[in-house]
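Welcome! Take a look at the structure below, then work through the exercises one at a time. Each task comes with a solution that goes step by step.

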Amino acid sequence: MGEGTEALAPLADRLRTLGVPHLAGEPLRRHTTFGIGGPAGLFVEPDTTAALAAALDALREAGVPWFVVGLGSNLLVSDRGYPGVVLSLLRAGRELAVRGDRLEAGAGVPLAKAAHAAQAAGLSGLEYAISIPGSVGGAVAMNAGAHGAATADVLEAVTLWSPEDGVVELAADALGFAYRYSRVHERPWVVLAARFRLVPADPGRVLALMRRHMAYRKATQPVGERNAGSMFKNPPEGRAGALIEAVGAKGWTEGGAHVSRLHANFIINTGDATARDVLTLMRRVRRAVMERFGAVLRPEVRWVGPPEGEAGTSWETLWLREDSG
């Protein structure tokens, strides 16, 4: 399995016995919308619900570090990769059904697909999701939102896995939702599925609103270019994009990373950007906004993997430390 991944060999053997698909050293750039990221110690991609359950039980028993990935948006992966296990839900979490005014979706379902399913069934409430390039699981975990609406507004319940209890269903209010936050990020939980409570509506009107949302996104965001979505959360002082634009950061470049000229809160991978390029550019932007407005920009994008040269340092520590160039 390569140097530094010997500890994962027993887990790989166990997964092989269980028939769970997995790869050692899989480049994570292939699994993120940013197109950035070094290798995973072990990339596990269950292809059925049963295989996913078996993989989660095996991870619990192995006691190795791991994290979950869906469509790979909102992630910035270290150039050194992630030395533990990356668990993909894309193949196992694709169930999608409408029952009355409820829509049930697996964690790996793209948000846009869920929005289309709701519209086709004459249900309103997921229109905001049409312009978010992520999965249902990721949307629950970070309370994704757009166009003045958020996942917490329509989520009724979530099915998740925890090491202590296995598969359980929780009411949405148990997740402690706040702006771009849920308790999922603080606990070793895996979102498996979500149930949304929607409102009956005319399918034509729902579709018209979805089209307006998509038109707005295409006009204001770098659709079609490699990015991770919004880089910074909005601080109390105002919208992050407006503050970044006000300091003249549109077009700033570090290596292969480039602040979008269309929307300042997006950083583009022009083809060969590294995680270090992106971090350097984020710090430069943060510094400029702090000096001009006194506003502290916090990352919305999630850091995955050991920081360059600082294995084990948390994303928050990495972000708040003194810049080193």
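**Exercise 1. Find which residues touch glycine 294, leaving aside its neighbours within four places in sequence, and describe its setting.**

Step 1: Set aside the neighbours within four places in sequence; glycine 294 is then in contact with Glu237 and Val289, where contact means heavy atoms within 4.5 Å.

Step 2: Helices (H or I, at least four residues) and strands (E, at least two) are DSSP runs, numbered from the N terminus.

Step 3: Check the accessibility. With a relative accessible area of 45%, glycine 294 is partly exposed. Buried means under 20% relative accessible area, exposed over 50%, and partly exposed in between (1.4 Å probe, protein chains only).

Step 4: Compare sequence and space: glycine 294 and leucine 262 are 32 residues apart in sequence, and their C-alpha atoms are 24 Å apart.

Before going on, a note on the model and its numbering: this is a predicted model, in which local features need pLDDT of at least 70, side-chain atom pairs count only at pLDDT 80 or more, and totals for chains, interfaces and linings use all residues. Residues are numbered from 1 along each chain as its sequence is written, and side-chain values use heavy atoms, with hydrogens and water left out.

**Exercise 2. Describe arginine 298 and glutamate 300, both in the loop between α8 and β18.**

Step 1: Arginine 298 has a relative accessible area of 34%, so this residue is partly exposed.

Step 2: The C-alpha atom of arginine 298 is separated by 9.4 Å from that of alanine 240, 58 residues away along the chain.

Step 3: Glutamate 300 sits between α8 (275–293) and β18 (302–304). Its relative accessibility is 13%, so glutamate 300 counts as buried.

Step 4: List the partners of glutamate 300. Beyond its neighbours within four places in sequence, glutamate 300 is in contact with Asn74, Met142, Tyr179, Arg180, Ser230, Met231, Phe232 and Lys233.

**Exercise 3. Which residues of helix α1 are buried, and which are exposed on the other side?**

Step 1: α1 covers residues 9–18, and Leu11, Ala12 and Leu15 are buried there.

Step 2: These residues cover an arc of only 100° around the axis, so they lie on the same side of α1. The arc is that of the directions from the helix axis to the C-beta atoms.

Step 3: Turn to the other side of α1, where Pro10, Arg16 and Thr17 are exposed.

Step 4: The buried residues of α1 pack against β1 (22–24), β2 (40–44), α2 (49–62) and β5 (82–88).

Step 5: After α1 comes glycine 19, with a positive phi near 75°.

**Exercise 4. Is asparagine 143 buried or exposed, and where does it lie?**

Step 1: Asparagine 143 is in the loop between α4 and β9 (145–146).

Step 2: Its relative accessibility is 6%, so asparagine 143 counts as buried.

Step 3: Although asparagine 143 is not a glycine, its phi is positive, about 50°.

Step 4: Look next at histidine 147, in the loop between β9 and β10 (149–150). Histidine 147 is also a residue other than glycine with a positive phi, near 55°. At 33% relative accessibility, histidine 147 counts as partly exposed.

**Exercise 5. Step back and describe the whole protein.**

Step 1: Its secondary structure comes to nine helices and 18 strands.

Step 2: The radius of gyration is 20 Å, close to the 20 Å that the globule rule gives for 325 residues, so the protein is as compact as a globular protein of that length. The radius is taken over C-alpha atoms, and the rule is 2.2 Å times the number of residues to the power 0.38.

Step 3: The C-alpha trace spans about 60 × 55 × 30 Å along its principal axes.

Step 4: Of the 325 residues, 50% count as buried.
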